[in-house]
Amino acid sequence: MIASTPQQRPTAATEAEHQPTSPIVQMSGITVEFPGVKALENVDFRLFPGEVHALMGENGAGKSTLIKALTGVNQIASGSITVNATPIRFSGPADARENGISTVYQEVNLCTNLTVAENIMLGSEPRRFGGLDWRSMRRQAAVFLKRMGLNIDPGSSLGSHSLAVQQLVAISRAMVVDAKVLILDEPTSSLDTDEVEQLFAVMRQLREDGVAILFVSHFLDQIYAISDRITILRNGALVEERLTGELPQRELVSLMIAGTSDATVGQVIERNVVSARKSDAKPLLQAVGLGRKGAVQPFDLELYPGEVIGMAGLLGSGRTELARLLYGADKADEGSIQLHGVQAKLRTPRQALGHKIAYTSEDRKGEGVIGDLSVAENIILGLQAARGWTRPLPATKAAQVVDAYIKALGVRPANPQALLKNLSGGNQQKVLLARWLATAPKLLLLDEPTRGIDIGAKTEIMNLVSELAEQGMSVVFISAELEEVLRLSDRIVVMRDHTKVAEIPSSQDVDVPRLIEIIATGEENT
Amino acid sequence: MTRIYKHRLFWPLVALAALLLACSIKRPDILGITVLDGHLFGAPIDILRNSAPLLLVALGMTLVIATRGIDLSVGATVAIAGAVALTFIASSDQPGSLGTALGAIFVAVGLCFLLGCFNGLLVAKFGIQPIIATLILMTAGRGMAMLITNGQITTVTSAPFSSLASGFLMGLPVAAIIAYGVYLVVSILVRRTALGMLLESVGINPEASRLAGVKSKTLVFTVYALCGLLAGLAGLIFASNTMAADANNAGLFIELDAILAVVIGGTSLAGGKFNLSGTLIGVLIITTLSLTVTVLGVSPLVTSLFKAIVVIAVTLMMSTRLRTMLAGLRERRRFQEVSA
């Protein structure tokens, strides 16, 4: 993927020539500090009207921080910001929004208990006779939804829609205030291919209307498909700003990753597939007819030590729900689970933990991170939960475990006392992995562990999974990226419409198109 | 210097010092402690003793609030504890004996523990919102206390029982020794075991904590039970102070004072991080306020207004938003100077 030749983007080059001479946003010498972390140091950034400008960098490079510095969420320690050549400092996102700079953040920040229309129009509600004009609100919201190509009832509750739809609603909301600058911080991480195309169509339209779009994404293909200009950050510092058409993918990746030569980029240990399981091996876990109404149809599954099971399927296909049943996060209402051939009760996470089963949720922010606790506390949480509150982990043992995992997984900053919420997404993910690895699990259920994190961290995590399997751990690896699933798995389970439709050994004649076919048709034999 | 200034207990401590200062300006000798019959006397000792019930209640409240909860029923629990203990003594053959007093204490505290368990059950097991769940006992509790005392204000005489509030041990008031002793034990328990961390974890992100294997429900249940038990102890000290079980007025509005103390102490009502030393200072501020009001001769008509002003001042100074606003103003002024 990375080695592919630079794609020709004639439109980008011509647009670049037509660019107006003055940027709409100019940030110079921006420095931002957090307690224990220097998030940005002396960074310059500019944004022209009518362009899509991609902001690239690994996790912790400072992309989100730069955006938050611009919108006034983060105080800047030094540097200047000008909008339309006027020095300005916003007091917060609302202030920025009023001045034509709208942001859609990485994690959807909407009110799930309000309706779609209320979410879109919040802050710009149409009023009548001193009250809210509900009908007009719904009508106006419908217009914005239509512009996004979304066909949903504006009066429906936002929480009843999928994450993808919520993301598109968030973007509709950003467009309400006739934005001159639209900031999209990883808007595509929870969208499927069609939805991404839908989003890109909207983005192209906006670009033609002269809107400046700041776009953050970890998908290189998307960057090359939509962006005109790229700014690369690394470890909180500016690396370079280039036109997309003049920057080959390979070079982009090497600019993003410090200290790694081209050869190591994207290289994952080739797993010695299938041979991992010996013919006489006994299954670690056997699920028979396990199911839950509305979540997963009854399925059978056997997991062996030393084996990686890949789970493929679309968002909402039941892949997450299946993993949650194996962990006891949701209670199964039929079927049974055997561990080492013995009937086992797995009705709560705590019981699963007792059986040495670990699960990282796809929803890092909502179901993984304890933001206001330190990195150290987050790492020992699993161990401590297993011991119960009466038997605290001895301080020296805790420090040992924490240091070991911070080092082994390369958590940055390597400060155990930093609050987890101040770390970047990829580093939070590493901390969560550390929490589970510290409990020495025999079965590790990883739900989208590589989502929304950069290539460097992705590679590290995939290599880690390989190593763990080699040491005899059984791993269930769920990912929307089929290449990752193919590369890591011994067997691949395909989910479709809440049903396990196929279970195939990973071999040379299984490739991405083949998997897509099974996902699309639900048929193993064609 | 700026570090001290930014410490989260800086402003509460300033408020406490200011209150004491105001008292000693009006009556310079007020902070003195005298020894009489081997017992310590003086305003500081009074503050310690008077703060005992509130400290016990606020202690439990802090832990409940850390789990994103709240317990409105503590005032009613205080009343029930008093009613049960005094009715027990009144109905016994030997009201003055030590055994009777101990029996009364045991029965009252035990019942309050059960009431706490009832709250915990509603919140943890049935998922009822804490404010609603504890509202039930808040309203029903005083009725229960009425029922126990038959609607009378039961007065009894029992030397052992009354020593809970007015007795002295090693020169210090028994009530203070109980409250501060319990406070010390709980503080150590919370920070030396993993209870504190797990409570904070549950308060910050309940679902993530559950998936991490934390027994959130058991923990939440436990803090409500503990809160009930501590309110029961506070109720005994109240009852022993007056030796009369007043179902209507015992512990009236103590839940609000306790919540106030917790907030002044810097624990957010949103749950998560909690701060027991902050709660202690909050309790001392609220208790000292009553003394200050008397010493300064503030008219009883405006006492509550005076209290409110002090509380508003402290909470405003502690508000991070106000601080960032002030910092932002300063920043902006500097920024304008630079760009001008």
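View 1. The model is predicted: local features need pLDDT of at least 70 and side-chain atom pairs pLDDT 80 or more, while totals for chains, interfaces and linings use all residues. Residues are numbered from 1 along each chain as its sequence is written, and chains are lettered from A and ligands numbered from 1 in the order in which they are written. Helices (H or I, at least four residues) and strands (E, at least two) are DSSP runs, numbered from the N terminus. Contact means C-beta atoms, placed from the backbone, within 7 Å.

**View 2. The buried side of helix 8 of chain B.** Phe161(B), Leu164(B) and Ala165(B) are buried in this helix, residues 159–166. They share one side of helix 8 of chain B because their arc around the axis is only 85°. The arc is taken from the directions from the helix axis to the C-beta atoms. Buried means 20 or more other C-beta atoms within 10 Å of a residue's own; exposed means 12 or fewer; partly exposed lies in between.

**View 3. The contact between chains A and B.** Chain A contributes 27 residues and chain B 24. On the chain A side, helix 11 (349–354), helix 12 (364–367) and helix 13 (375–387) each supply at least two residues. Helix 13 of chain A gives the most, with 6 residues.

**View 4. Surroundings of Gly335(A).** Gly335(A) sits in strand 16 (residues 334–339) of chain A. It is partly exposed because it has 16 C-beta neighbours inside 10 Å. Beyond four places in sequence, Gly335(A) touches Ala287(A), Val288(A), Gly289(A), Leu290(A), Gly291(A) and Pro298(A).

Methods: Two residues are in contact if their C-beta atoms, placed from the backbone, lie within 7 Å.
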